[in-house]
Amino acid sequence: MNTNYTSLPLTSIELQPGQLKSEVANGGGYNGRAKISKQDSFLGEGEDGGGGGGGEHDELPLIGDGPAGPPEGSGVPAAVFNLATSIIGAGIMALPATMKVLGVAVGLVSILVMGVLSEVTIELLVRFAVYCRALSYGEVVHRALGRPASVAAQMCVIINNAGVLIVYLIIIGDVMSGSLKHIGVLDQLIGHGEWDNRRLLILVVLVIFLAPLCALEKIDSLSLSSAASVALAVVFVVVSCAIALVKVIEGKISMPRMGPDFSSSAAILDLLVVIPIMTNAYICHFNVQPIYNELKVKTPHNMYKIGRITTVLCVVVYALTAVSGYLLFGEDTESDVLTNFDKDLGIRFSSILNFIVRIGYIIHLVLVFPVVHFSLRQTVDSLIFGELAPHSRKRMLTLTVVLLALIYLGSTMIPNIWVAFKFTGATTGLALGFIFPALVALRLDKEGKSLGKGMRVLSLVMLGLAVVVSIIGVIGNVYSLKSKSE
(Lines give C-alpha, C1' and ligand atoms only; values in the text may rest on other atoms or scores of the structure.)
Protein backbone atom coordinates (compact mmCIF):
# COMPACT_ATOMS: atom_id res chain seq x y z
CA MET A 1 0.00 0.00 0.00
CA ASN A 2 1.32 3.41 -0.88
CA THR A 3 0.85 5.56 2.19
CA ASN A 4 2.80 8.62 1.02
CA TYR A 5 0.95 11.91 0.93
CA THR A 6 1.74 15.40 -0.29
CA SER A 7 0.73 17.97 2.29
CA LEU A 8 -1.01 21.26 1.71
CA PRO A 9 -1.67 24.17 3.99
CA LEU A 10 -5.11 23.53 5.42
CA THR A 11 -6.20 27.00 4.37
CA SER A 12 -5.90 26.00 0.73
CA ILE A 13 -8.42 23.16 1.06
CA GLU A 14 -10.87 24.29 3.69
CA LEU A 15 -14.39 24.99 2.46
CA GLN A 16 -16.85 27.11 4.33
CA PRO A 17 -20.23 25.41 4.84
CA GLY A 18 -22.02 28.06 2.85
CA GLN A 19 -19.53 27.79 0.00
CA LEU A 20 -19.90 24.02 -0.14
CA LYS A 21 -23.70 24.19 -0.18
CA SER A 22 -23.59 26.84 -2.90
CA GLU A 23 -21.23 24.80 -5.07
CA VAL A 24 -23.29 21.65 -4.68
CA ALA A 25 -26.52 23.51 -5.44
CA ASN A 26 -25.02 25.12 -8.54
CA GLY A 27 -23.47 21.93 -9.85
CA GLY A 28 -19.99 22.98 -8.82
CA GLY A 29 -17.64 21.45 -6.30
CA TYR A 30 -17.46 17.77 -7.00
CA ASN A 31 -20.63 17.85 -9.15
CA GLY A 32 -21.29 14.22 -8.36
CA ARG A 33 -17.64 13.33 -8.98
CA ALA A 34 -14.30 14.05 -7.39
CA LYS A 35 -12.73 17.01 -9.19
CA ILE A 36 -9.74 17.82 -7.09
CA SER A 37 -6.71 19.14 -8.85
CA LYS A 38 -3.23 17.81 -8.24
CA GLN A 39 -2.27 20.73 -6.07
CA ASP A 40 -5.39 20.27 -3.93
CA SER A 41 -4.93 16.55 -3.41
CA PHE A 42 -4.12 14.84 -0.14
CA LEU A 43 -2.34 12.02 -1.94
CA GLY A 44 1.18 11.70 -3.32
CA GLU A 45 2.30 13.19 -6.60
CA GLY A 46 1.38 9.94 -8.36
CA GLU A 47 2.81 9.74 -11.82
CA ASP A 48 5.14 12.65 -11.21
CA GLY A 49 6.76 10.59 -8.51
CA GLY A 50 7.06 13.46 -6.10
CA GLY A 51 5.20 11.95 -3.20
CA GLY A 52 6.52 12.41 0.30
CA GLY A 53 8.19 9.56 2.07
CA GLY A 54 7.54 7.52 5.12
CA GLY A 55 4.01 8.67 5.71
CA GLU A 56 5.25 12.05 6.93
CA HIS A 57 2.02 13.73 5.85
CA ASP A 58 -0.37 11.30 7.47
CA GLU A 59 -1.25 14.05 9.93
CA LEU A 60 -3.75 15.45 7.44
CA PRO A 61 -7.25 15.07 8.89
CA LEU A 62 -10.25 13.67 7.10
CA ILE A 63 -12.40 16.47 8.47
CA GLY A 64 -11.41 19.87 9.80
CA ASP A 65 -10.82 19.05 13.47
CA GLY A 66 -7.05 19.21 13.20
CA PRO A 67 -4.60 16.31 13.37
CA ALA A 68 -5.63 15.21 16.84
CA GLY A 69 -9.35 15.17 16.10
CA PRO A 70 -11.94 15.99 18.74
CA PRO A 71 -10.63 15.57 22.30
CA GLU A 72 -13.38 13.07 23.13
CA GLY A 73 -12.51 10.86 20.14
CA SER A 74 -11.62 7.19 20.38
CA GLY A 75 -8.19 5.59 20.47
CA VAL A 76 -6.84 2.65 18.50
CA PRO A 77 -8.11 -0.10 20.88
CA ALA A 78 -11.66 1.29 20.92
CA ALA A 79 -11.65 1.66 17.13
CA VAL A 80 -10.39 -1.92 16.71
CA PHE A 81 -13.19 -3.20 18.93
CA ASN A 82 -15.80 -1.21 17.00
CA LEU A 83 -14.52 -2.40 13.62
CA ALA A 84 -14.19 -6.01 14.81
CA THR A 85 -17.73 -5.85 16.17
CA SER A 86 -18.93 -4.74 12.73
CA ILE A 87 -17.36 -7.88 11.25
CA ILE A 88 -17.99 -10.57 13.86
CA GLY A 89 -21.74 -11.04 14.02
CA ALA A 90 -24.24 -13.74 13.16
CA GLY A 91 -22.11 -14.83 10.21
CA ILE A 92 -19.54 -16.40 12.50
CA MET A 93 -22.00 -19.19 13.32
CA ALA A 94 -22.31 -20.10 9.62
CA LEU A 95 -18.57 -20.64 9.20
CA PRO A 96 -18.47 -24.24 10.50
CA ALA A 97 -21.12 -25.10 7.90
CA THR A 98 -19.04 -23.45 5.18
CA MET A 99 -16.09 -25.52 6.42
CA LYS A 100 -18.25 -28.64 6.01
CA VAL A 101 -18.83 -27.69 2.37
CA LEU A 102 -15.33 -26.43 1.49
CA GLY A 103 -13.27 -28.80 3.63
CA VAL A 104 -10.74 -27.76 6.29
CA ALA A 105 -7.82 -26.86 4.01
CA VAL A 106 -9.80 -24.94 1.39
CA GLY A 107 -11.93 -23.32 4.10
CA LEU A 108 -8.91 -22.01 6.01
CA VAL A 109 -7.33 -20.63 2.82
CA SER A 110 -10.62 -18.93 1.94
CA ILE A 111 -10.86 -17.30 5.38
CA LEU A 112 -7.30 -15.96 5.06
CA VAL A 113 -7.66 -14.74 1.46
CA MET A 114 -10.98 -12.98 2.12
CA GLY A 115 -9.48 -11.31 5.21
CA VAL A 116 -6.53 -9.96 3.23
CA LEU A 117 -8.72 -8.73 0.35
CA SER A 118 -11.11 -7.07 2.79
CA GLU A 119 -8.23 -5.22 4.43
CA VAL A 120 -7.00 -4.04 1.01
CA THR A 121 -10.42 -2.63 0.14
CA ILE A 122 -10.66 -0.88 3.53
CA GLU A 123 -7.34 0.87 2.91
CA LEU A 124 -8.45 1.90 -0.57
CA LEU A 125 -11.62 3.44 0.89
CA VAL A 126 -9.63 5.36 3.50
CA ARG A 127 -7.17 6.58 0.89
CA PHE A 128 -9.88 7.95 -1.38
CA ALA A 129 -11.83 9.41 1.57
CA VAL A 130 -8.76 11.47 2.46
CA TYR A 131 -8.30 12.42 -1.17
CA CYS A 132 -11.79 13.92 -1.50
CA ARG A 133 -12.57 14.64 2.17
CA ALA A 134 -15.56 12.28 2.28
CA LEU A 135 -17.29 11.67 5.61
CA SER A 136 -19.23 8.48 4.88
CA TYR A 137 -19.26 5.42 2.65
CA GLY A 138 -22.01 6.90 0.50
CA GLU A 139 -20.11 10.15 0.07
CA VAL A 140 -16.95 8.32 -1.02
CA VAL A 141 -18.92 6.53 -3.74
CA HIS A 142 -20.74 9.77 -4.64
CA ARG A 143 -17.59 11.74 -5.23
CA ALA A 144 -15.90 8.93 -7.12
CA LEU A 145 -18.74 7.54 -9.23
CA GLY A 146 -21.59 10.05 -9.11
CA ARG A 147 -25.00 10.37 -7.52
CA PRO A 148 -26.65 7.24 -9.02
CA ALA A 149 -23.85 5.00 -7.75
CA SER A 150 -24.03 6.70 -4.35
CA VAL A 151 -27.77 6.00 -4.07
CA ALA A 152 -27.15 2.38 -5.10
CA ALA A 153 -24.43 2.02 -2.45
CA GLN A 154 -26.64 3.54 0.22
CA MET A 155 -29.47 1.18 -0.68
CA CYS A 156 -27.03 -1.74 -0.43
CA VAL A 157 -26.00 -0.61 3.06
CA ILE A 158 -29.64 -0.28 4.12
CA ILE A 159 -30.65 -3.70 2.75
CA ASN A 160 -27.53 -5.42 4.09
CA ASN A 161 -27.67 -3.94 7.57
CA ALA A 162 -31.43 -4.25 7.97
CA GLY A 163 -31.18 -7.89 6.89
CA VAL A 164 -28.36 -8.55 9.35
CA LEU A 165 -30.30 -6.96 12.24
CA ILE A 166 -33.39 -9.00 11.40
CA VAL A 167 -31.20 -12.12 11.48
CA TYR A 168 -29.92 -11.11 14.93
CA LEU A 169 -33.45 -10.80 16.31
CA ILE A 170 -34.56 -14.12 14.84
CA ILE A 171 -31.55 -15.92 16.30
CA ILE A 172 -32.09 -14.30 19.70
CA GLY A 173 -35.71 -15.44 19.65
CA ASP A 174 -34.92 -18.98 18.46
CA VAL A 175 -32.12 -19.55 20.96
CA MET A 176 -33.95 -18.12 23.96
CA SER A 177 -37.50 -19.36 23.32
CA GLY A 178 -36.74 -22.35 21.11
CA SER A 179 -37.76 -23.42 17.63
CA LEU A 180 -38.80 -26.54 15.76
CA LYS A 181 -35.19 -27.71 15.61
CA HIS A 182 -33.99 -27.15 19.18
CA ILE A 183 -35.02 -26.44 22.75
CA GLY A 184 -34.83 -22.85 23.98
CA VAL A 185 -32.48 -21.80 26.76
CA LEU A 186 -35.32 -20.46 28.91
CA ASP A 187 -37.29 -23.69 28.50
CA GLN A 188 -34.29 -25.68 29.71
CA LEU A 189 -33.65 -23.36 32.65
CA ILE A 190 -37.13 -22.59 34.02
CA GLY A 191 -39.59 -24.60 31.93
CA HIS A 192 -42.38 -23.46 29.63
CA GLY A 193 -44.02 -20.04 30.03
CA GLU A 194 -44.78 -16.76 28.30
CA TRP A 195 -41.21 -16.70 26.96
CA ASP A 196 -42.18 -19.51 24.56
CA ASN A 197 -43.78 -16.73 22.49
CA ARG A 198 -40.81 -15.78 20.30
CA ARG A 199 -42.35 -12.51 19.09
CA LEU A 200 -43.02 -11.33 22.65
CA LEU A 201 -39.54 -12.27 23.81
CA ILE A 202 -37.92 -10.42 20.89
CA LEU A 203 -40.01 -7.32 21.63
CA VAL A 204 -38.95 -7.32 25.30
CA VAL A 205 -35.27 -7.68 24.39
CA LEU A 206 -35.60 -4.94 21.76
CA VAL A 207 -37.25 -2.41 24.10
CA ILE A 208 -35.26 -3.08 27.28
CA PHE A 209 -31.77 -3.86 25.97
CA LEU A 210 -31.35 -2.82 22.34
CA ALA A 211 -33.24 0.49 22.09
CA PRO A 212 -31.17 2.33 24.75
CA LEU A 213 -27.90 1.33 23.03
CA CYS A 214 -29.23 2.23 19.58
CA ALA A 215 -30.26 5.69 20.83
CA LEU A 216 -26.61 6.69 21.35
CA GLU A 217 -25.45 9.33 18.86
CA LYS A 218 -21.77 8.46 18.43
CA ILE A 219 -20.22 5.14 17.56
CA ASP A 220 -17.28 5.70 19.94
CA SER A 221 -19.88 5.67 22.77
CA LEU A 222 -20.26 1.97 21.99
CA SER A 223 -16.57 1.13 22.42
CA LEU A 224 -17.06 -0.56 25.81
CA SER A 225 -19.97 -2.68 24.57
CA SER A 226 -17.95 -3.47 21.45
CA ALA A 227 -15.01 -4.62 23.58
CA ALA A 228 -17.36 -6.82 25.61
CA SER A 229 -18.89 -8.32 22.45
CA VAL A 230 -15.45 -9.17 21.05
CA ALA A 231 -14.52 -10.70 24.42
CA LEU A 232 -17.67 -12.87 24.31
CA ALA A 233 -16.81 -13.99 20.78
CA VAL A 234 -13.37 -14.98 22.07
CA VAL A 235 -15.03 -16.88 24.95
CA PHE A 236 -17.11 -18.81 22.43
CA VAL A 237 -13.98 -19.66 20.42
CA VAL A 238 -12.04 -20.73 23.52
CA VAL A 239 -14.87 -22.97 24.77
CA SER A 240 -15.41 -24.53 21.33
CA CYS A 241 -11.69 -25.16 20.85
CA ALA A 242 -11.36 -26.61 24.35
CA ILE A 243 -14.25 -29.03 23.76
CA ALA A 244 -12.84 -30.05 20.36
CA LEU A 245 -9.36 -30.56 21.86
CA VAL A 246 -10.74 -32.77 24.62
CA LYS A 247 -12.63 -34.90 22.11
CA VAL A 248 -9.56 -35.18 19.87
CA ILE A 249 -7.46 -36.37 22.82
CA GLU A 250 -10.16 -38.89 23.74
CA GLY A 251 -10.26 -40.13 20.14
CA LYS A 252 -13.91 -39.20 19.63
CA ILE A 253 -13.37 -37.12 16.48
CA SER A 254 -12.82 -38.68 13.07
CA MET A 255 -10.50 -37.29 10.42
CA PRO A 256 -12.20 -34.27 8.76
CA ARG A 257 -12.44 -33.79 5.02
CA MET A 258 -9.74 -31.45 3.65
CA GLY A 259 -11.39 -30.32 0.41
CA PRO A 260 -14.79 -29.83 -1.23
CA ASP A 261 -17.07 -32.73 -2.01
CA PHE A 262 -17.82 -33.05 -5.75
CA SER A 263 -19.52 -36.43 -5.52
CA SER A 264 -23.06 -35.19 -6.17
CA SER A 265 -24.96 -32.35 -7.78
CA ALA A 266 -26.31 -31.38 -4.34
CA ALA A 267 -22.75 -31.01 -3.02
CA ILE A 268 -21.78 -28.83 -5.98
CA LEU A 269 -24.87 -26.68 -5.44
CA ASP A 270 -23.91 -26.25 -1.78
CA LEU A 271 -20.48 -25.14 -2.92
CA LEU A 272 -22.00 -22.44 -5.15
CA VAL A 273 -24.28 -20.98 -2.48
CA VAL A 274 -21.70 -21.09 0.32
CA ILE A 275 -19.09 -18.93 -1.45
CA PRO A 276 -21.07 -15.66 -0.98
CA ILE A 277 -21.39 -16.44 2.75
CA MET A 278 -17.62 -16.69 3.01
CA THR A 279 -17.12 -13.42 1.11
CA ASN A 280 -19.75 -11.74 3.30
CA ALA A 281 -17.92 -12.65 6.49
CA TYR A 282 -15.72 -9.54 6.50
CA ILE A 283 -18.18 -6.85 5.42
CA CYS A 284 -17.65 -3.80 7.65
CA HIS A 285 -16.82 -1.13 5.06
CA PHE A 286 -19.85 1.05 5.80
CA ASN A 287 -18.47 1.65 9.32
CA VAL A 288 -14.94 2.61 8.26
CA GLN A 289 -15.65 6.33 7.75
CA PRO A 290 -17.65 6.82 11.00
CA ILE A 291 -14.89 5.10 12.99
CA TYR A 292 -12.20 7.14 11.22
CA ASN A 293 -14.04 10.41 11.82
CA GLU A 294 -14.15 9.83 15.60
CA LEU A 295 -10.47 8.94 16.09
CA LYS A 296 -8.40 11.07 18.43
CA VAL A 297 -5.50 10.89 15.98
CA LYS A 298 -7.18 11.15 12.60
CA THR A 299 -4.60 9.91 10.07
CA PRO A 300 -4.70 7.34 7.26
CA HIS A 301 -1.73 5.52 8.78
CA ASN A 302 -3.62 5.16 12.05
CA MET A 303 -6.67 3.74 10.27
CA TYR A 304 -4.50 1.32 8.30
CA LYS A 305 -3.10 0.08 11.60
CA ILE A 306 -6.61 -0.34 13.01
CA GLY A 307 -7.74 -2.24 9.91
CA ARG A 308 -4.76 -4.60 9.98
CA ILE A 309 -5.08 -5.40 13.68
CA THR A 310 -8.79 -6.02 13.22
CA THR A 311 -8.19 -8.29 10.22
CA VAL A 312 -5.66 -10.44 12.10
CA LEU A 313 -8.05 -10.71 15.07
CA CYS A 314 -11.00 -11.70 12.87
CA VAL A 315 -9.01 -14.20 10.79
CA VAL A 316 -7.90 -15.98 13.97
CA VAL A 317 -11.40 -15.97 15.50
CA TYR A 318 -13.00 -17.15 12.24
CA ALA A 319 -10.46 -19.91 11.62
CA LEU A 320 -10.70 -21.30 15.15
CA THR A 321 -14.51 -21.12 15.15
CA ALA A 322 -14.86 -22.81 11.78
CA VAL A 323 -12.41 -25.62 12.50
CA SER A 324 -13.57 -26.35 16.05
CA GLY A 325 -17.25 -26.30 15.07
CA TYR A 326 -16.67 -28.65 12.13
CA LEU A 327 -14.50 -30.99 14.22
CA LEU A 328 -17.17 -31.18 16.92
CA PHE A 329 -20.16 -31.94 14.71
CA GLY A 330 -18.69 -33.13 11.40
CA GLU A 331 -21.24 -33.78 8.67
CA ASP A 332 -24.04 -33.05 11.17
CA THR A 333 -22.99 -29.38 11.44
CA GLU A 334 -26.07 -27.16 11.06
CA SER A 335 -26.22 -23.94 9.03
CA ASP A 336 -26.32 -22.18 12.41
CA VAL A 337 -23.87 -24.18 14.51
CA LEU A 338 -25.50 -22.79 17.64
CA THR A 339 -28.37 -25.24 17.17
CA ASN A 340 -25.89 -28.11 17.63
CA PHE A 341 -25.15 -26.94 21.18
CA ASP A 342 -28.49 -28.04 22.64
CA LYS A 343 -27.35 -31.69 22.53
CA ASP A 344 -25.04 -33.74 24.69
CA LEU A 345 -21.46 -33.00 23.63
CA GLY A 346 -20.16 -36.29 25.00
CA ILE A 347 -17.87 -34.76 27.62
CA ARG A 348 -18.11 -33.73 31.27
CA PHE A 349 -20.03 -30.54 32.11
CA SER A 350 -21.67 -30.70 28.67
CA SER A 351 -24.89 -28.96 29.73
CA ILE A 352 -23.03 -26.13 31.48
CA LEU A 353 -20.82 -25.56 28.44
CA ASN A 354 -23.88 -25.54 26.18
CA PHE A 355 -25.45 -22.78 28.27
CA ILE A 356 -22.22 -20.76 28.30
CA VAL A 357 -21.93 -20.95 24.51
CA ARG A 358 -25.55 -20.05 23.73
CA ILE A 359 -26.11 -17.38 26.38
CA GLY A 360 -22.71 -15.81 25.68
CA TYR A 361 -23.51 -15.65 21.98
CA ILE A 362 -26.89 -14.01 22.60
CA ILE A 363 -25.22 -11.33 24.74
CA HIS A 364 -22.69 -10.90 21.93
CA LEU A 365 -25.49 -10.26 19.41
CA VAL A 366 -27.16 -7.78 21.75
CA LEU A 367 -23.89 -5.81 21.94
CA VAL A 368 -23.19 -6.03 18.19
CA PHE A 369 -26.70 -4.91 17.24
CA PRO A 370 -26.28 -1.16 18.00
CA VAL A 371 -22.99 -0.92 16.06
CA VAL A 372 -24.63 -2.24 12.87
CA HIS A 373 -27.71 -0.10 13.57
CA PHE A 374 -25.53 3.02 13.80
CA SER A 375 -24.39 2.76 10.18
CA LEU A 376 -27.93 1.86 9.07
CA ARG A 377 -29.36 4.98 10.74
CA GLN A 378 -26.61 7.20 9.36
CA THR A 379 -27.16 5.91 5.83
CA VAL A 380 -30.94 6.35 5.96
CA ASP A 381 -30.47 9.87 7.34
CA SER A 382 -28.05 10.79 4.53
CA LEU A 383 -30.28 9.30 1.85
CA ILE A 384 -33.45 11.05 3.04
CA PHE A 385 -32.15 14.37 4.39
CA GLY A 386 -28.85 14.73 2.54
CA GLU A 387 -25.20 14.78 3.64
CA LEU A 388 -25.34 18.50 4.53
CA ALA A 389 -28.43 18.41 6.74
CA PRO A 390 -27.75 19.94 10.18
CA HIS A 391 -27.58 17.54 13.09
CA SER A 392 -30.82 16.99 14.97
CA ARG A 393 -31.13 14.83 18.06
CA LYS A 394 -34.90 14.62 17.59
CA ARG A 395 -34.45 13.39 14.02
CA MET A 396 -31.96 10.75 15.15
CA LEU A 397 -34.32 9.42 17.83
CA THR A 398 -37.23 9.36 15.39
CA LEU A 399 -35.20 7.41 12.85
CA THR A 400 -34.08 5.00 15.57
CA VAL A 401 -37.67 4.27 16.63
CA VAL A 402 -38.90 3.83 13.05
CA LEU A 403 -35.99 1.58 12.04
CA LEU A 404 -36.29 -0.61 15.13
CA ALA A 405 -40.02 -1.00 14.53
CA LEU A 406 -39.45 -2.06 10.91
CA ILE A 407 -36.66 -4.46 11.90
CA TYR A 408 -38.89 -6.03 14.55
CA LEU A 409 -41.69 -6.40 12.00
CA GLY A 410 -39.29 -8.11 9.61
CA SER A 411 -38.15 -10.55 12.32
CA THR A 412 -41.75 -11.63 12.87
CA MET A 413 -42.48 -12.12 9.17
CA ILE A 414 -39.36 -13.91 7.91
CA PRO A 415 -39.27 -17.55 9.07
CA ASN A 416 -35.99 -18.64 7.48
CA ILE A 417 -32.91 -16.47 8.01
CA TRP A 418 -30.48 -18.47 5.90
CA VAL A 419 -32.04 -17.95 2.48
CA ALA A 420 -31.96 -14.19 3.09
CA PHE A 421 -28.40 -14.44 4.44
CA LYS A 422 -27.13 -16.15 1.29
CA PHE A 423 -28.92 -13.70 -0.99
CA THR A 424 -27.51 -10.64 0.81
CA GLY A 425 -24.06 -12.21 0.69
CA ALA A 426 -24.30 -12.70 -3.07
CA THR A 427 -25.64 -9.21 -3.74
CA THR A 428 -25.30 -6.35 -1.24
CA GLY A 429 -22.40 -7.92 0.69
CA LEU A 430 -20.22 -8.34 -2.39
CA ALA A 431 -21.20 -4.91 -3.69
CA LEU A 432 -20.27 -3.12 -0.45
CA GLY A 433 -17.11 -5.08 0.30
CA PHE A 434 -15.56 -5.48 -3.13
CA ILE A 435 -17.41 -4.06 -6.15
CA PHE A 436 -17.76 -0.43 -4.99
CA PRO A 437 -14.28 -0.24 -3.36
CA ALA A 438 -12.68 -1.62 -6.54
CA LEU A 439 -14.58 0.88 -8.71
CA VAL A 440 -13.58 3.71 -6.35
CA ALA A 441 -9.93 2.66 -6.57
CA LEU A 442 -10.00 2.53 -10.36
CA ARG A 443 -11.63 5.97 -10.44
CA LEU A 444 -8.90 7.26 -8.14
CA ASP A 445 -6.33 5.87 -10.54
CA LYS A 446 -8.11 7.61 -13.43
CA GLU A 447 -7.90 10.94 -11.55
CA GLY A 448 -4.12 10.70 -11.92
CA LYS A 449 -3.27 9.42 -8.44
CA SER A 450 -1.47 6.27 -9.54
CA LEU A 451 -2.27 3.12 -7.59
CA GLY A 452 0.68 1.31 -9.05
CA LYS A 453 0.45 -1.55 -11.51
CA GLY A 454 0.01 -4.23 -8.84
CA MET A 455 -2.83 -2.45 -7.05
CA ARG A 456 -4.52 -1.60 -10.34
CA VAL A 457 -4.46 -5.25 -11.42
CA LEU A 458 -5.66 -6.38 -8.00
CA SER A 459 -8.59 -3.95 -8.16
CA LEU A 460 -9.58 -5.26 -11.59
CA VAL A 461 -9.29 -8.87 -10.42
CA MET A 462 -11.40 -8.18 -7.29
CA LEU A 463 -14.03 -6.44 -9.38
CA GLY A 464 -14.22 -9.28 -11.90
CA LEU A 465 -14.30 -12.04 -9.27
CA ALA A 466 -16.92 -10.22 -7.20
CA VAL A 467 -19.23 -9.90 -10.20
CA VAL A 468 -18.74 -13.57 -11.16
CA VAL A 469 -19.27 -14.83 -7.59
CA SER A 470 -22.36 -12.63 -7.25
CA ILE A 471 -23.92 -14.03 -10.44
CA ILE A 472 -23.05 -17.63 -9.50
CA GLY A 473 -24.33 -17.12 -5.96
CA VAL A 474 -27.68 -15.70 -7.07
CA ILE A 475 -28.15 -18.47 -9.64
CA GLY A 476 -27.20 -21.09 -7.04
CA ASN A 477 -29.66 -19.66 -4.52
CA VAL A 478 -32.49 -19.52 -7.06
CA TYR A 479 -31.81 -23.09 -8.16
CA SER A 480 -31.63 -24.22 -4.51
CA LEU A 481 -35.02 -22.65 -3.77
CA LYS A 482 -36.49 -24.21 -6.92
CA SER A 483 -35.14 -27.64 -5.97
CA LYS A 484 -36.60 -27.44 -2.46
CA SER A 485 -40.01 -26.33 -3.77
CA GLU A 486 -40.11 -29.36 -6.02
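Start with the cysteines: the structure holds zero disulfides, a disulfide being a pair of cysteine sulfur atoms within 2.5 Å. Select C314, which is in no disulfide. The nearest cysteine sulfur belongs to C284, 7.5 Å away. C314 has 0% relative accessibility and so counts as buried. Here, buried means under 20% relative accessible area, exposed means over 50%, and partly exposed is in between (1.4 Å probe, protein chains only). Now click on C132, which is also buried, with a relative accessible area of 2%.

A word on what you are looking at: this is a predicted model, where local features need pLDDT of at least 70, side-chain atom pairs count only at pLDDT 80 or more, and totals for chains, interfaces and linings use all residues. Residues are numbered from 1 along each chain as its sequence is written, and side-chain values use heavy atoms, with hydrogens and water left out.

**The whole view**

Zoom out and switch to cartoon. You have 16 helices and zero strands in the protein. Both are DSSP runs, numbered from the N terminus: helices are H or I with at least four residues, strands are E with at least two. Of the 486 residues in the protein, 55% are buried. Contact on this tour means heavy atoms within 4.5 Å. Among the contacts with a separation of 6 or more, 84% are between residues 24 or more positions apart.

**Stop: α13 and α14**

Select residues 350–385 for helix α13 and 393–413 for helix α14. They pack at an angle of about 115°, with their axes 10 Å apart. The axes are lines fitted to C-alpha atoms, for helices over the stretch in contact, and angles run from 0 to 180 degrees between N-to-C directions. That makes α13 and α14 roughly perpendicular to each other. As for the labels, angles under 35 degrees count as roughly parallel, over 145 as roughly antiparallel, 65 to 115 as roughly perpendicular and the rest as oblique.

The crossing of α13 and α14 is right-handed. In a right-handed crossing the near helix is turned clockwise from the far one by less than a right angle, and in a left-handed one anticlockwise. Show side chains to see who makes the contact: F369, H373, L376, R377, V380, D381 and F385 come from α13, while R395, M396, L399, T400, L403, L404 and I407 come from α14. By class, the contact has nine nonpolar, two polar and three charged residues. Nonpolar covers Ala, Val, Leu, Ile, Met, Phe, Trp, Tyr, Cys and Pro, charged covers Asp, Glu, Lys and Arg, and the others, Gly among them, count as polar.

**Stop: the other partners**

From α8 the contact takes V205, L206, F209, L210, L213 and C214, and from α13 V366, L367, F369, P370, H373 and R377. Ten of these residues are nonpolar, one is polar and one is charged.

Go back to α14 and bring in helix α6, residues 147–177. Their axes come within 9 Å and cross at roughly 60°, so α6 and α14 are oblique to each other. L165, I166, L169 and I170 of α6 meet I407, Y408, G410 and S411 of α14. That contact has six nonpolar, two polar and no charged residues.

**Stop: two threonines**

Select T428 in helix α15, residues 417–446. At 6% relative accessibility, T428 is buried. Beyond its neighbours within four places in sequence, T428 is in contact with C156, I159 and N160.

Then jump to T311 in helix α12, residues 300–329. T311 is buried at 13% relative accessibility. Leaving aside neighbours within four places in sequence, T311 is in contact with G115, V116 and E119.

**Last stop: two loops**

Most residues other than glycine have a negative phi. Select R133, in the loop between α4 (104–132) and α5 (137–145). R133 is not a glycine, yet has a positive phi of about 60°. It is partly exposed, at 21% relative accessible area. F349, in the loop between α12 and α13, also has a positive phi of about 60° without being a glycine. F349 is exposed, with a relative accessible area of 53%.
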